Amino acid sequence: MSENSKIRNPKLGKLDKNRNANRLKNLLMIVLACSLAFGTVSCKSSKKAAREAREREMAERARAIEQAKLDLQAILDDAGGMSIEAKERELNRIKGLNLDDAEVNDLINRVEDKIAADRAAMQPPATDPAEKSASERLNNYFQYIATANSINQANSLIDETIGMFSSDNAPLLIIINRSGGIVDYDRPTTIRKYLEYLKDQKKNLNAIDELVFDDNGKIKEIILIKK
Amino acid sequence: MRNYKSLIILLFVLVAGFSANAQDNISPERKRAIDSLALEKIRDLGTYISRVGNKDTEFSESNRIIDRALELFAPGSEMGVSSLYSSDIKYYTIRKYFERLMALNYDKVSIQWYNIEYVSDLELGPDGRYVGVITIYQSFEGTGADGLQYRDTTKKDITVYVERKSTQIAGREIEFWDVLLGDIRVTETSV
């Protein structure tokens, strides 16, 4: 570089200043554009992530609702395989999911009704004092007939027992199993035939479950249950 | 025409299958109750046979017991009878069997059934009935004025049918399990 080049030209100095100012302006513009561009992209991607999370959440909820419906329907369709306790556990689990779905809520109500009905069926029927007294007398007769020492004694006891009934053809049912709200019966018979059965077989394997009285206080129907 | 026939057969199979399925949908607890109900009926029959065979049982009582015993059987069922003196096994209708039992020419008859158990579990058949086979051992002793005249032990297989039925009791529908015994076949006879 020659000495001459070091000589300051006032015109040239002004031009350099302008050029530098332009450069700075351009740089600022680029930085601003970049920041705007990156900012938009970043905002767009965070919105997308939020939407995806929301969609995932909704899909999971839909799946949970479908599964809950299936599980609740299985309880309603159960034919005795599930215990009341198992049904309650399953119901509480589903209620704990707080799905807040109209169909699920309806199924929950129906399952609650079913469990209540099952529980009621498990309870022994309430007995009034007259029924209790008749029940005790009848139980004793059953035992005496089954253990009678002779045919004559058994026949005499049978006649006495029949006196408690409105007819010797009063229907007699025997429950062989009661579970999950379902009651299974043996073939229906009559009180006469049942008392003769006790006499013939010499075994008293059933307990009194329910007595139905007529207006005269006589037993018109009897339900027994396997001991 | 052939197409119609095929369709009807298909429908019948589907209906039978559905009905069988519906009945098969029972819990193990209920199945156990039905199993023991059938075993109980067999024990009852053993006692009836013993009572009718017993020479001390009055004629009128025996006839009443026979009527009760017949109620345990499906119509047309037969009982096999064997003897140590012959390889033949004779089959009689249940009433005929009881009448012959009552008329046996001994002063005293003792019949006992024991080891009563399933040899073939109750299984749901295509007709909607459960069918199983229960085996029993029967000891028979006939005693005359001079003492023991005849004794044998027989193993018998009893076919058991269990069917869901319904009836009206005091104006309401009652569904029940009807246990009916089928043929009783002799499988072994020994001293």
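**Figure 1. Chain B runs α-α-α-β-β-α-β-β-β-β from its N terminus on.** What you're looking at is a predicted model, where local features need pLDDT of at least 70, side-chain atom pairs count only at pLDDT 80 or more, and totals for chains, interfaces and linings use all residues. Residues are numbered from 1 along each chain as its sequence is written, while chains are lettered from A and ligands numbered from 1 in the order in which they are written. Of the 191 residues in chain B, 24% count as buried. A residue gets called buried if 20 or more other C-beta atoms lie within 10 Å of its own, exposed if 12 or fewer, and partly exposed in between, with C-beta atoms placed from the backbone.

**Figure 2. Chain A follows the pattern α-α-α-α-α-β-β-β-α-β-β along its sequence.** Here you'll find six helices and five strands. Chain A has 227 residues, and 19% of them count as buried. Take the contacts in chain A between residues at least 6 apart in sequence: 58% of these join residues at least 24 apart. (Two residues are in contact if their C-beta atoms, placed from the backbone, lie within 7 Å.) For chain B, residues 24 or more positions apart account for 60% of the contacts with a separation of 6 or more.

**Figure 3. Strands 1 and 2 of chain B make a hairpin.** Strand 1 (residues 78–83) and strand 2 (residues 86–93) of chain B pair in the antiparallel sense, with five bridges. Two strands pair if DSSP finds at least two bridges between them. The hairpin joins the two strands through two residues. To get your bearings, look for B:S83, which stands opposite B:S86 in strand 2.

**Figure 4. Strand 4 of chain B pairs with strand 3 and also with strand 5.** Strand 3 (residues 108–124) and strand 4 (residues 130–144) of chain B are antiparallel and share 12 bridges. Their hairpin has five residues between the strands, and B:G128 in the turn has a positive phi of about 85°. Along this pair, B:V109 sits opposite B:G142 in strand 4. Strand 5 (residues 147–169) of chain B is antiparallel to strand 4 too, over 15 bridges. This second hairpin leaves two residues between its strands, and B:V133 faces B:T159 of strand 5.

**Figure 5. The buried residues of helix 3 of chain B line one face of the helix.** They are B:S62, B:I65, B:I66 and B:A69. What do they pack against? The partners are helix 6 (191–201) of chain A together with helix 2 and helix 4 (94–102) of chain B. You can check the length of helix 3 as well: at 1.5 Å a residue, its 12 residues should span 16 Å, and its end C-alpha atoms are 16 Å apart, which agrees. The expected span is 1.5 Å times one less than the number of residues.

**Figure 6. Chain B meets chain A, with 22 residues of chain B in contact with 19 of chain A.** Helix 2 of chain B gives the most to chain B's side, with eight residues. By class, that side has 10 nonpolar, four polar and eight charged residues. Here Ala, Val, Leu, Ile, Met, Phe, Trp, Tyr, Cys and Pro count as nonpolar, Asp, Glu, Lys and Arg as charged, and the others, Gly among them, as polar.

**Figure 7. The largest nonpolar core has 58 residues.** A nonpolar core is a set of buried Ala, Val, Leu, Ile, Met, Phe, Trp, Tyr and Cys residues joined through C-beta atoms within 7 Å. A:I145, A:I222, B:A38, B:V160 and B:V162 touch the most other members. The largest share of this core, nine residues, comes from helix 2 (residues 28–53) of chain B. Zoom in on B:A38: leaving out residues up to four places away in sequence, B:A38 touches B:L122, B:G132, B:I134, B:V160, B:V162 and B:V179.

**Figure 8. B:A170 has a positive phi of about 45° although it is not a glycine.** Find B:A170 in the loop between strand 5 and strand 6 of chain B. Is B:A170 buried or exposed? It counts as exposed, because it has 11 C-beta neighbours inside 10 Å.

Note on methods. Helices (H or I, at least four residues) and strands (E, at least two) are DSSP runs, numbered from the N terminus. The arc is that of the directions from the helix axis to the C-beta atoms.
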